[in-house]
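User: I'd like a close look at one part of this protein, the aromatic packing. Here is what I'm working from.

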Amino acid sequence: EQLMAPIRVLQVMPAMDAGGMETFVMNVYRTIDRDKVQFDFLYHYDKPCFFDDEICTLGGNIYKMTVRQDNNLPRYLRELRELFAAHPEWRIIHGHYSGFGMFYNPVARRAGIPVRVGHSHNTAYEPNLVGRLDKLMSSRFNAGLTDRFACSQKAGEMLFGKSPFTVLPNGIDTARFAARDPQRRALLRGELGVADNEILFGHVGRFSAQKNHPGLLKIFAAVRARLPKARLVLLGGGEPGYIEEIQNLARSLGLGDSVIFAGVRSNMQGFYDAMDAFLLPSLFEGLPVVLVEAQTKSGVTMTAAAESLLPSIRQMLNSSELLSQSIAQVNGMHKGVLRLGVFNSACVTWVPHLVPPFQKQFPGIDVQLYQGSYADIVDWLKGGTVELGFLSNSSARDLDFESLYDDPLVCIAPADY
């Protein structure tokens with residue numbers, strides 16, 4: 001009896017480096033019946049990636065484009081058309097890269113690919129120019145999709161709005177993480193240079209603004225003041241320049257050799273054995289795979305007491321930032337971070353006119369934008385995530401509110417109404 005060829009699904013990714021989204025896709029890929037369903041991968045970078053070898057071993061094909069390196073959109077669109085024409089076996093594309101979905105989804109539709117899936121993995125965008133551009137491009141991702149998935153309810157609402165979507169929580173193979181191995185713990189702590197009597201805190205995540213490494217180091221500095229034998233291991237990759245910036249911050253906080261920059265490791269599950277506590281201070285997440293892994297390994301959950309301490313911890317960090325700004329002012333400098341909560345229309349109409357003059361007058365102030373709904377901005381203001389927010393008078397309620405503009409209500413009707 002002749003066996004049917006497996007259904008081939010094209011997974012559209014930025015690349016396949018060691019990250020949460022990529023790990024989720026690989027967790028699924030390892031588990032499916034590959035005699036029935038196979039994955040191929042489209043990258044937007046032409047470079048060696050962390051999961052390349054495993055993908056090839058599992059039977060997947062990898063196609064790498066250079067658009068994120070050369071920004072050559074005409075070439076990218078031409079190569080997409082050629083690629084889809086050369087692979088009529090692809091009846092499904094699964095898009096994890098929302099920013100470029102405005103390009104590859106229409107090309108896939110015109111190529112006759114009947115199933116076009118979009119997948120949301122996050123609840124916000126990074127508070128910088130790249131994040132704002134990603135948000136703008138991702139606003140076109142929803143059009144032309146036949147199916148929508150999200151790792152959480154908020155992640156789906158963020159990317160798909162009112163369009164229907166299915167929540168697919170990020171799953172892991174618990175067998176790889178559940179059992180503790182004392183020998184592996186001793187071996188890895190020895191490799192890291194951590195003594196038995198030292199408490200090892202750990203964090204897993206790429207070095208980016210979203211993961212909040214500056215906040216993590218400030219938290220750890222406060223921990224070290226009370227626990228001199230505490231150590232911190234940071235696992236993950238990122239842009240070399242940003243990693244160097246974080247290393248310099250660790251030195252400036254007097255943390256010295258107590259912080260270990262361990263890079264990207266293939267035996268990630270083993271490092272949870274080496275840790276005594278896991279820290280995840282991200283500014284936003286969809287459903288972080290590393291947190292699921294850490295909870296599976298040690299059964300760690302946030303207690304009611306920890307929940308009650310969160311506002312105080314945020315207040316402490318904000319006070320630390322305020323102190324740094326006050327010291328800078330005493331020294332004749334304006335330096336620090338200003339976090340603004342904005343809704344979509346304010347980001348378009350107000351921010352372009354207000355932020356550039358402010359940054360020109362105060363070049364030492366880093367302005368970070370957090371985009372969300374009125375409810376999000378209220379929560380951010382009360383929780384200390386942002387210092388200032390754009391709100392309507394009715395949504396501000398018990399917050400200090402200063403009116404900037406009275407927006408008239410206008411009724412548009414036919415001339416003969």
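Is tyrosine 76 buried or exposed, and what relative accessibility does tyrosine 76 have?

Analyst: Bear in mind that this is a predicted model, where local features need pLDDT of at least 70, side-chain atom pairs count only at pLDDT 80 or more, and totals for chains, interfaces and linings use all residues. Numbering runs from 1 along each chain as its sequence is written, and side-chain values use heavy atoms, with hydrogens and water left out.

Tyrosine 76 is buried, at 2% relative accessibility; buried means under 20% relative accessible area, exposed over 50%, partly exposed in between (1.4 Å probe, protein chains only). Phenylalanine 103 is buried too, at 15%.

Across the whole structure, a search turns up 17 aromatic pairs. Rings of Phe, Tyr and Trp (its six-membered ring) pair if their centres lie within 6.5 Å; planes under 30 degrees apart are stacked, over 60 edge-to-face, and the rest tilted. Tyrosine 76 and phenylalanine 103 make an edge-to-face pair, 6.2 Å centre to centre with 85° between the planes. Tyrosine 76 belongs to helix α4 (residues 73–86) and phenylalanine 103 to helix α5 (residues 101–110), so their pair ties together parts 27 residues apart in sequence. Helices (H or I, at least four residues) and strands (E, at least two) are DSSP runs, numbered from the N terminus.

Both rings sit in one aromatic cluster, formed by Tyr76, Tyr97, Phe100 and Phe103.
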